[in-house]
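User: Hey, I'm new to this one. Can you walk me through it?

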Amino acid sequence: MELFSNLWLGLQVAGEPINLAYCFFGVFLGTFVGVLPGIGALAAISLLLPITYHIPPTAAIIMLAGAQYGGSTASILLNLPGTPSSAVTCLDGYPMASKGKAGIALFVTTIASLVGAMSGLILLVLFSPAIAEIGLKFGPAEFFSMMVLGLVAASSMSSGSAAKGLAMVVFGLLLGMVGTDVNSGVARYHFNVPELMDGISLVALAMGLFGVAEVVRCINAAETSKVPEKVTMRSMVPSKKEFTDTIAPMLRGSALGALPGVGPSIAAFMSYAIEKRVAKDPSRFGKGAIEGISAPESANNASAQTAFVPSLSLGIPGDAVMAVMLGALIIHGITPGPMLITEQPELFWGLVVSFMIGNIMLVILNLPTIGMWVALLRTPFAWMYPAILVFVALGVYSVNNNEFDIYMVAVLGIMGYALMVLRFEPAPLLLGYILGPMVEENLRRALLLSRGDPSIFIDRPISAGLLGFTAVLLGWAVWSTVRKSLASKRDLEVAEGRA
């Protein structure tokens, strides 16, 4: 009965006209910004932050929470991820758009986002106390082991060899070490460039590897996307087989995204790697596999909901978006922590119910406008890509107001194109860059706590379990590579025997 009374309280708060209006405004702005190439949810939330000074706290957080949606549209249509988690959607979303299935890709993305978000919200409502308790059991050793598992899983995302995937993960780890060491405060690998003392911009890295590299490839190949002349609601609906193929990945992605402490980016990358592992034909991934869209989208949206548990109950933001949210709470004199749910029940449960309303608004906004976004691809090539580069430059510059980031995205774009020519996938590099500093930080913390004894990673049950699963995944990857090599060698011998 207490659960229903809490939800009724949340419905009363979220149903107030002012809160509904700000929820719609946030969702609309998030969708609009998500369509603009090169600009992500963080930019939308940052633009809205000054407005929160002048409105009530609950309305402010509801508006900011709504603005985090809608980042996958540009990923599918233009291969430009606004956020790291949307970068996974590029891998199969853009190939589907290039094959004339942009409408289906956007439709599946919208439904997967709704399923993932609602799954995350149900778990948030039912198990928020238990999830917070599990999160409290995660120490530096557990976080390190979990991130090692994510890095190993990332190496399997490459459509080529596992060795290339692992090389890209290591390269990403090296890029993540550029900047100031969080423990000692010493600047490293900056090559006497002051702008690199803060590290390489994540937005510049994502835009360069995916967006600019794709523009250069298209210019070099002189090709345009294959877009249907007319996009109808019927053409947007997937076939029965396509819809059936998305159900299990959606559920798996939702379950993975609901795990505490995972985060949208890690959840999206790991769900993609899992789907590629369990698929009967992994070679379809990276070429327009519908599972490669539904699983990551449901995972990152489920994780976006459950990320509020550690953020609100422990005051620990999982990413930059959550950090801005906590900043907005502190602006209004609200201190996130274990007592927030009991001291501010109207805020917490009003936020939970507003998530449900916001996701329904998102579907209502997105589905009727899919045809309009798909029509973007019919823009002449000579007009579209210069505009994309302008948006990329504006989006990168707006993060730090630093023109150096524009030069950086150009260099990274050239590097991304070179990697594309050499058939190296950029997605494992991006995850290595994101997790690298976190892996190093938690490794050092764990060793400090154990006074240099590495057995702490196997003495703690959760950490040992995660490392054990990592070892199994590594063994599976090695066995799959050896088996594929032996099969190729056997086929070659048979062909030579016939000749």
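User: What is the handedness of the crossing of helix 12 and helix 14?
Analyst: The crossing is right-handed, meaning the near helix is turned clockwise from the far one by less than a right angle. This is a predicted model, where local features need pLDDT of at least 70, side-chain atom pairs count only at pLDDT 80 or more, and totals for chains, interfaces and linings use all residues. Residues are numbered from 1 along each chain as its sequence is written, and side-chain values use heavy atoms, with hydrogens and water left out.

User: At what angle do helix 12 and helix 14 pack?
Analyst: About 30 degrees, with the axes 7 Å apart. So helix 12 is roughly parallel to helix 14 (angles under 35 degrees count as that).

User: Which residues of helix 12 meet helix 14?
Analyst: Among them are Asp245, Pro249 and Met250, and on the helix 14 side the residues include Glu291, Ala295 and Thr306. Contact means heavy atoms within 4.5 Å.

User: New topic: is isoleucine 364 buried or exposed?
Analyst: Isoleucine 364 is exposed, because its relative accessibility is 59% (exposed is over 50%, buried under 20%, with a 1.4 Å probe and protein chains only). Isoleucine 364 is found in helix 18.

User: And how many residues does the largest nonpolar core have?
Analyst: It has 79 residues, and Leu205 is one of those with the most contacts inside it. Such a core is a set of buried Ala, Val, Leu, Ile, Met, Phe, Trp, Tyr and Cys residues joined through side-chain atoms within 4.5 Å.

Technical notes
Axes fitted to C-alpha atoms, helices over the stretch in contact; angles between N-to-C directions. Helix = DSSP H or I, 4+ residues; strand = E, 2+ residues; numbered from the N terminus. Parallel < 35°, antiparallel > 145°, perpendicular 65-115°, else oblique.
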